[in-house]
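Subject: Structure for you to look at

Dear colleague,

Please find the structure below, and keep it open beside this message while you read. My notes on what was found in it follow directly after.

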Amino acid sequence: MRRSRLSSRLLGRGLAYLVAVLIALWILIPIYLITVAAFSPPDVIYGWPKSLLPKTISLETLLFFINAQYVLPSLWNSVKVALLTLVISLAVGAPAGYALARHIFPGKDIYRIALLSTRAFPVVILSIPLAVTFIKWDLYDTLIAVALLHAAMALPTTILVTSSVFIGVSRELEEAAMIFGCNRVQAFIRVALPLALPGLAASAIFTFVLSWNEVFAATILTLQNRTLPARMFVQLAASPVPFRFAGGFFILVPALLFMFFIRRYLFSLWGITLK
Amino acid sequence: MAEIRIEGVRKTFGKVKAVWDVSLTVHDREFVVLLGPSGCGKTTLLRCIAGLEQVDQGRVFIGQRDVTDLAPKQRQIAMVFQNYAVFPHLTVFENIAFGLRMQRKPKDEIKKRVLSAAELLHIEDLLDRYPAQLSGGQRQRVAVARAIAVDALVLLMDEPLSNLDALLRLEMRAELKRLLREVQATTIYVTHDQVEAMSLGDRIAVMKDGQILQYDTPLNVYDKPANLFIGGFIGNPPMNFLEGRLQEEEGQIVVQVGNSQIRPSPEVQALLRRLEDRSVLVGIRAENIDTLHTPADDTLPAEVLVVEPLGSHNLITVQVGPERIKVNTDADFKARPGETLWLRFNADKIRWIDKASGQALDYKFARPS
């Protein structure tokens with residue numbers, strides 16, 4: 001009796017591990033392949049059959065890519081837009097989430113539903129009227145225009161995530177802060193905000209990656225000042241294969257780096273020490 | 001340190017009258033306990049004094065200053081919360097230093113004050129730790145240290161011991177009393193535990209349904225409760241109440257309890273004469289009843305129902321007429337269920353209650369000052 005229960009538990013465990021490994025592989029294998037290809041010389045990329053382990057490592061492909069006319073500027077544009085989006089959506093979203101968490105006001109529930117409904121509009125359709133509006137406002141083909149749209153896309157989830165994060169911060173803590181010398185704003189900054197940071201970090205990752213990867217709106221709203229995905233989307237069909245691998249690698253890396261950076265911060269706040 | 005004065009404070013939440021027309025004065029360096037069952041308004045009153053709730057009516061004075069419209073940080077108070085409210089993202093040192101840092105005190109003064117507060121609470125070894133690494137009792141000490149480090153005019157405590165286990169609570173109660181005596185802070189302490197109230201307070205304000213029913217020293221609240229509710233709420237076991245019928249006998253008033261009579265003193269008779277109703281409640285605590293095995297003067301017969309030997313004394317439940325009361329006896333007093341005992345009430349300790357209103361006959365409700 002005991003043995004079968006133990007073995008069924010091991011089986012369940014084994015199954016869970018198997019599924020986890022499969023999911024990890026599903027994500028990691030393409031990343032690996034792209035990375036390998038990005039670091040291989042062009043003839044290897046064109047060659048067949050392809051080997052799993054790189055035989056030669058060369059920076060030729062990457063250099064070729066970087067030196068292409070527009071790559072570095074548009075990479076830089078992507079970074080700027082993503083950071084701008086981050087700043088806007090947190091600056092607006094965090095206080096909104098706080099208000100939702102701490103206060104009861106008329107129309108609160110309608111507000112929440114309205115927030116979610118903004119995501120119901122497909123970005124591709126929104127982009128065109130937005131482009132027209134931005135042209136009228138003299139904002140067309142600027143990074144701020146793209147950032148504004150990205151922020152609008154990211155805000156609903158940001159607000160809902162931050163509101164649940166702030167609900168998790170006990171009201172008593174802010175009251176204690178107010179007793180010991182803070183006004184409402186200081187209590188927010190010194191107590192509520194630091195404790196909400198892990199949740200804010202999580203929504204920051206989401207916002208950054210959303211902005212970084214966003215292609216359609218960026219393509220429609222810009223002409224000269226394109227972000228990297230927008231550029232590539234437009235140019236990729238006409239590009240050679242090594243180029244595409246290098247481009248994929250370039251789009252991948254910053255998002256990964258950002259996630260790793262924020263992850264440390266998240267963990268240290270949760271008390272998990274990284275070795 | 002300073003005196004606290006509350007005048008005619010009212011606070012409602014929607015339809016609920018949490019605090020209604022409450023007036024109270026706490027003298028400088030006094031330790032006052034707000035005692036009452038859940039929902040009586042004691043925590044709301046404390047939060048009104050702290051400034052965490054805005055009063056609907058009335059005024060609050062701390063140290064001669066009208067603080068009614070001031071924010072908590074301007075009232076020069078410190079508070080210990082029920083769930084400690086210790087900041088999880090700061091070290092113990094930074095927690096205790098929080099109030100001092102907000103006051104922009106110089107670094108060495110902060111360090112000195114934090115260390116002395118930590119020493120008083122015996123947590124000087126924990127200063128570098130984070131609250132997540134501490135036990136509940138240690139976190140509570142941090143909360144108290146944070147409150148005394150700031151050297152406020154007034155110390156407010158909202159059931160600080162109720163989240164501790166029983167043994168720790170006992171220890172901390174004594175420590176808290178000793179500590180606060182040393183610090184000499186004017187303190188308002190909220191609790192629902194009457195043992196805590198009795199042991200800690202210089203004076204107890206018993207609250208129910210948003211009002212203060214009695215405001216007096218622990219001994220007076222214990223011996224001379226203002227009404228039926230307080231007599232039953234304070235003390236373990238609660239005060240016994242027996243029904244008595246008034247009868248005229250040769251110009252004297254005697255009180256018939258069950259099949260026996262109590263002959264009250266002339267002063268008491270004067271009080272009893274003023275009752276319109278011919279019935280009264282006789283309140284007497286279990287330890288103020290003498291028990292005898294044989295009848296004697298001024299004794300009532302009672303049948304033993306249950307004997308509980310508690311080690312230091314016996315708690316005996318007896319039947320007097322139609323009512324059951326509890327009596328304390330020596331540990332070696334022998335009694336068996338079914339046996340008849342003879343009870344003598346200590347006349348000085350009898351609390352006479354008007355049955356109709358529930359109020360004690362000789363209690364004149366004075367403005368709590």
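B:Ala85 lies in the loop between β6 and α2 of chain B, and please bear in mind throughout that the model is a predicted one. The phi of B:Ala85 is near 50 degrees, which is a positive value in a residue other than glycine. Most residues other than glycine have a negative phi, and most peptide bonds are trans. Is B:Ala85 buried or exposed? With 25 other C-beta atoms within 10 Å, B:Ala85 is buried, because 20 or more such atoms are needed for that word.

B:His122 also has a positive phi, of about 60 degrees, although it is not a glycine. You will find B:His122 in the loop between α3 (107–120) and α4 (136–149) of chain B. Here 12 other C-beta atoms lie within 10 Å, so B:His122 is exposed, since the cut-off for that word is 12 or fewer.

The peptide bond from B:Asn236 to B:Pro237 is cis, with omega near 5 degrees. B:Pro237 lies in the loop between α8 (228–233) and β11 (240–249) of chain B.

**Domains and strands of chain B**

The domain assignment divides chain B into domain 1 (4–233) and domain 2 (240–354). The centres of these two domains, taken over C-alpha atoms, are separated by 40 Å, and six residues of domain 1 are in contact with six residues of domain 2. On the domain 1 side of this contact there are two nonpolar, two polar and two charged residues.

In strand β6(B), B:Ile77 and B:Met79 point one way while B:Ala78 and B:Val80 point the other way, and all of them are buried. Strand β6(B) runs parallel to strand β7 (residues 154–158) of chain B, to which four bridges join it, and B:Ile77 stands opposite B:Val154 in β7(B).

Chain B also has an open sheet of five strands, in the order β13-β12-β11-β14-β20, with antiparallel pairing. Strands β13 (260–262) and β20 (351–354) of chain B stand at the edges, each with a single partner strand, so one side of each has no neighbour in the sheet. Neighbouring strands of this sheet are turned against each other by 40 degrees on average, if direction is ignored. Six bridges join β11(B) to the antiparallel strand β14 (residues 279–284) of chain B, where B:Gly244 stands opposite B:Val280. Helix α9 (residues 266–273) of chain B packs on the sheet and touches β11, β12 (252–257), β14 and β20 of chain B, and its direction makes about 80 degrees with that of β12(B).

How many residues of chain B are in contact with chain A? There are 20 residues of chain B in contact with 14 residues of chain A, and β6 (77–80) and α2 (92–102) of chain B each supply at least two residues of the chain B side. That side has 15 nonpolar, four polar and one charged residues.

Definitions and conventions. Residues are numbered from 1 along each chain as its sequence is written. Chains are lettered from A and ligands numbered from 1 in the order in which they are written. This is a predicted model: local features need pLDDT of at least 70, side-chain atom pairs count only at pLDDT 80 or more; totals for chains, interfaces and linings use all residues. Domain bounds come from an automatic or database domain assignment. Two residues are in contact if their C-beta atoms, placed from the backbone, lie within 7 Å. Ala, Val, Leu, Ile, Met, Phe, Trp, Tyr, Cys and Pro count as nonpolar, Asp, Glu, Lys and Arg as charged, and the others, Gly among them, as polar. Two strands pair if DSSP finds at least two bridges between them. Axes are lines fitted to C-alpha atoms, for helices over the stretch in contact, and angles run from 0 to 180 degrees between N-to-C directions.
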